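Here is a friendly walk through one protein model, from a single residue out to the sheet and the cores. Please keep the structure open as you read.

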Amino acid sequence: MIVKSTNNFSPNNKLGEGGFGPVYKGVLEDGSEVAVKRLSSTSKQGLDEFKNEVGCINKLQHRNRVKLLGYCILGDEKMLIYEYMANKSLDLFIFDESGSFMLDWPLRFGIINGIARGLLYHHQDSCLRIIHRDLKAANILLDNDMNPKISDFGLARWLSGYETEANTNKVVGTQ
């Protein structure tokens, strides 16, 4: 079903590529659009990050976080299926001269406010506290109405109970 929806992972359907691997646009049989993140064989991220992404996104829902619709594990093939974000990522707007003109100050404020609401929920208001650890403009996706949604929880860290900070010995994040 996923192979068919992406036209066999056609380069024409490729939306971008991150540390996990390429992301493709897919259209399901019912006409709904999805984004398919496919683990690359050359990715430095692997099964741990895949499980972390599924666990983080599956346990908590918030209007400013991308929705995970499903996942696939078949042999060495690992894929995450998300809601499709028509306006792609925030970095395409703020780091592109023509795109940045589309962001007037009220829209910028709305995007900033949405990101802050999502972070506050993850850090303070949810029953499972999560520190994202890879928050950047490329991981802020924008829907049809330019509402921001935080994505890519593969490097996130879960905190227990009422814990509000943690130390780590491992440097994480992507460029």
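## A residue in strand E5

Glu83 sits in strand E5 (helices, H or I of at least four residues, and strands, E of at least two, are DSSP runs numbered from the N terminus). The model is predicted, so local features need pLDDT of at least 70 and side-chain atom pairs count only at pLDDT 80 or more, while totals for chains, interfaces and linings use all residues. Residues are numbered from 1 along each chain as its sequence is written, and side-chain values use heavy atoms, with hydrogens and water left out.

Is Glu83 buried or exposed? Glu83 counts as buried because its relative accessibility is 15% (buried means under 20% relative accessible area, exposed over 50%, partly exposed in between, with a 1.4 Å probe and protein chains only). A polar atom of the Glu83 side chain lies 2.7 Å from the backbone nitrogen of Lys67. Leaving aside residues up to four places away in sequence, Glu83 touches Ala35, Arg65, Val66, Lys67, Leu69 and Lys149 (contact means heavy atoms within 4.5 Å).

## The sheet around it

Five strands form an open sheet in the order E1-E2-E3-E5-E4, with antiparallel pairing (two strands pair if DSSP finds at least two bridges between them). Strands E1 (14–17) and E4 (68–74) are the edges, each pairing on one side only. From one strand to the next, the twist averages 25° (axes are lines fitted to C-alpha atoms, for helices over the stretch in contact, and angles run from 0 to 180 degrees between N-to-C directions).

E1 and E2 pair over three bridges, and Lys14 has Tyr24 in E2 as its bridge partner. Four residues separate the strands in this hairpin, where Gly21 takes a positive phi near 145°. E2 (residues 22–27) and E3 (residues 33–38) are joined by five bridges, with Val23 opposite Lys37 in E3. Helix H2 (residues 47–59) lies across E3, E4 and E5 (77–83), running at about 30° to E5.

## The nonpolar cores

The largest nonpolar core has 29 residues, and those with the most contacts inside it are Leu80, Tyr82, Leu90, Ile130 and Phe153 (a core is a set of buried Ala, Val, Leu, Ile, Met, Phe, Trp, Tyr and Cys residues joined through side-chain atoms within 4.5 Å). H2, E5, helix H5 (105–125) and strand E7 (140–142) each supply at least two of its residues, and H2 gives the most, with four. Apart from this core lies another, of seven residues, among them Tyr24, Val34, Val36 and Met79.

Methods: A polar contact is a pair of N or O atoms within 3.5 Å; within protein, one must be able to donate a hydrogen and the other to accept it, and residues adjacent in sequence count only if both atoms are side-chain atoms.
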